[in-house]
Amino acid sequence: MSPRLSKTLSRFPIHIVLIGMGLLWLTPSVGLLISSIRPPDAVNQTGWWTVLPRFFETSQYTLRNYQEILGAQGMALAFRNSLLITIPSTIIPIAIAAFAAYAFAWMEFPGRQVLFVIVVGLLVVPLQMTLIPLLRAYNRLGLSGTFVGIWLAHTGYGLPFAVYLLRNFFGSLPRDLFESAYLDGASEFTAFFRLALPLSVPALASLAIFQFLWVWNDLLVALIYLGGTEQVAPLTLKLSSLVNSLGQNWHLLTAAAFISMALPLVVFFSLQRYFVRGILAGSVKG
Amino acid sequence: MRKGGLMPWLYVGPTLLILAAYLVYPTLTTLYLSFFDKRSENFTGLDNYVWTFTSKAMRTAFRNNLLWLVLFTALTVSLGLVLAVLADRVRYESPFKSVIFLPMAISFVGAGVIWKFVYAYRPAGKPQIGLLNALWSGWLGQEPIGWLVNRSTNNLALIIAGVWIWTGFCMVILSAAYKGIPKELLEAARVDGANEWQVFWKIIIPTMKPTLAVVTTTMIINVLKVFDIVYVMTNGDYGTEVIANRMYKEMFHFRHFGRASAIAVILLLAIVPVMAANIRRFQEQEAIR
């Protein structure tokens, strides 16, 4: 037996395990996707895998479920709401955190260390600790059920991690760089905008993707502060209420679920490198 | 480094204000409210905490979180490790890892719907459209089971959905650590006659211990806070309650702010030591880099 062949044979079990696991991991999502484009009767009467033998017969597929779920069931509105919630909830905390992180890294002021430790310490606070007092305050101020309210909530929850990550990144930039910029007469402001920020684009991108997905996929915060207000409900909230109201209408539920995943999947496939880095860095978020 | 009177405060001011309003003040208030009654009117001492540890609902929740803690953590970390090590040996490593990591991109709500569909149940005699029951009754000839209703299977069914989501996360982190092990170390052991099994247990695992610890603590934090999956798939019915879902119910359905606050405090106390360990290790790693 040639060494090459024996190597291939000895790897055979590895291939079996990996390909088996890969298929196992993909199957549930494939089932969802296929069911979402089958006619209601077909979904109700036969399993989605029955399309596989005649997979390329396009007559067994339809986009009607998507039409109904986007229109009559209001998923299009929910998609718009998700965008309206997620984009500001990504930009605001990162912008605010960048200033603070820069000050913590490169400016001197009394209490700098202590304040930074407190900010990082807040990473451990689970959301649940804040819900009741904030919701009460929101009800008094008329902020519950509003976009501004949820932007601010996501800003508060996202800040400790954003400050922590950016301060570590800014802190790792070479000190000489800033010294010489100051010597050349650059102001604090110029150093921040012209040096620190441009050099931190990879860190900012990872952070932005992490925060974007975190907010897009969030259920709890939306559930608490937006409550039952249909007009402002994002995709996750809408989908979870459809699970109750549609029950066994799997042709609609699967289409709705796929709509809620579409954008994250695009982000995943187009920005995988930043995505993975962001998720890994985000593992310490509370 | 510059000394600059007011300037630094303009930079950190907004952050400090928002954190005070959104994290510090509510956390202290919740702690305070946990010693009061339903409507936060009368001081009740430790009553809410006594209830937390004695009521049937909370006992079920603690039991289930413990079950999650053991099964979910063991499965995600061990599967992640095995897949990371095996995938390193094949040419399709990168697409394979993408497939396993993919569920991390979607929401837990979406994942909940995906798995609810896998577990879908129809009475015997009707066509099974859920994959699991189709295999179970079609191939194995058993009576179909309501996996999410049946009390001996439902917690496991939820945990499997969680494992499907998080294994990719463990795998990616562990894979990076595995690639950091000097290849000469593994080769030297093989030349000295160690078989793959021994290399795995005697060299790979001990070398990766710090990373394994980080991944394990991260999974433990996830378990303590698990909410979305349970909320969407069973809403804690049929004996699947978990701590975070119970807190939500006490707050929104029963409007018992004292009890809900006490549960939140318990959650905080459980998370703090794990999280502190995690941040410390993260700091150490940053320092090494």
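The C-alpha centres of domain 1 and domain 2 of chain A lie 36 Å apart. Keep in mind throughout that this is a predicted model.

Reader: Those two domains of chain A, what residue ranges do they cover, and how many residues of domain 1 are in contact with domain 2?

Author: Domain 1 of chain A takes in 1–36, and domain 2 of chain A takes in 69–284. On the domain 1 side, the touching residues divide into two nonpolar, two polar and no charged. They meet six residues of domain 2 of chain A, and the domain 1 count is four.

Reader: What about the overall build of chain A: is it compact or spread out next to the globule rule?

Author: Chain A has 14 helices and one strand, and its C-alpha trace spans about 70 × 70 × 30 Å along the principal axes. The globule rule gives 19 Å for 286 residues, while the radius of gyration of chain A is 24 Å, well over that. So chain A, against a compact globule, comes out as more spread out.

Reader: And how much of chain A counts as buried?

Author: Take the contacts in chain A between residues at least 6 apart in sequence: 78% of these join residues at least 24 apart. As for burial, out of the 286 residues of chain A, the share that counts as buried is 45%.

Reader: How do the chains meet, and which element of chain A gives the largest share of its side?

Author: The contact involves 79 residues of chain A and 77 residues of chain B. On the chain A side, the residues divide into 55 nonpolar, 21 polar and three charged. The largest share of that side, 14 residues, comes from residues 3–36 of chain A, that is, helix 1.

Reader: Let's go inside. Which residues touch the most other members of the largest nonpolar core?

Author: This core has 168 residues. The ones touching the most other members come from chain A and chain B: A:Ala97, A:Ala101, A:Tyr102, A:Leu166, A:Ala256 and B:Leu267.

Reader: Pick A:Ala101 from that list. Why does it count as buried, and which residues does it touch beyond four places in sequence?

Author: A:Ala101 lies in helix 4 (residues 75–106) of chain A. It counts as buried because it has 29 C-beta neighbours inside 10 Å, and the cut-off is 20 or more. Its C-alpha atom is separated by 8.9 Å from that of A:Phe116, 15 residues apart along the chain. Leaving out residues up to four places away, A:Ala101 touches A:Val163, A:Leu166, A:Arg167 and A:Phe170.

Reader: Now B:Phe257: is it buried or exposed, and what is it in contact with past its sequence neighbours?

Author: B:Phe257 sits in helix 13 of chain B and is buried, since 23 other C-beta atoms lie within 10 Å. Its C-alpha atom and that of B:Met247, 10 residues apart along the chain, are separated by 9.3 Å. Leaving aside neighbours within four places in sequence, B:Phe257 is in contact with A:Ile132, B:Leu33, B:Lys38, B:Arg39, B:Ser40 and B:Met251.

Reader: B:Ser40 again! What is its phi?

Author: B:Ser40 is in the loop between helix 1 (7–33) and helix 2 (47–54) of chain B. It counts as partly exposed because it has 19 C-beta neighbours inside 10 Å. Most residues other than glycine have a negative phi. For B:Ser40 the value is positive, near 60 degrees.

Reader: Where is B:Arg255, and what phi does it have?

Author: Look at the loop between helix 12 (243–252) and helix 13 (257–288) of chain B. B:Arg255 is exposed there, as 11 other C-beta atoms lie within 10 Å. Although B:Arg255 is not a glycine, it has a positive phi of about 50 degrees.

Reader: Last one: how many residues of helix 8 of chain B are buried?

Author: Just after this helix, B:Gly193 takes a positive phi of about 100 degrees. Helix 8 itself (residues 183–191) has nine residues and is hardly covered, with a buried count of zero.

How values were computed:
Residues numbered from 1 in each chain as written. Chains lettered and ligands numbered in written order. Predicted model: local features only at pLDDT ≥ 70, side-chain atom pairs only at ≥ 80, totals over all residues. Contact = placed C-beta atoms within 7 Å. Helix = DSSP H or I, 4+ residues; strand = E, 2+ residues; numbered from the N terminus. Nonpolar A, V, L, I, M, F, W, Y, C, P; charged D, E, K, R; others polar. Buried ≥ 20, exposed ≤ 12 C-beta atoms within 10 Å, placed from the backbone. Core = buried A, V, L, I, M, F, W, Y, C linked by C-beta atoms within 7 Å. Domains from an automatic or database assignment. Rg over C-alpha atoms; globule rule 2.2 N^0.38 Å.
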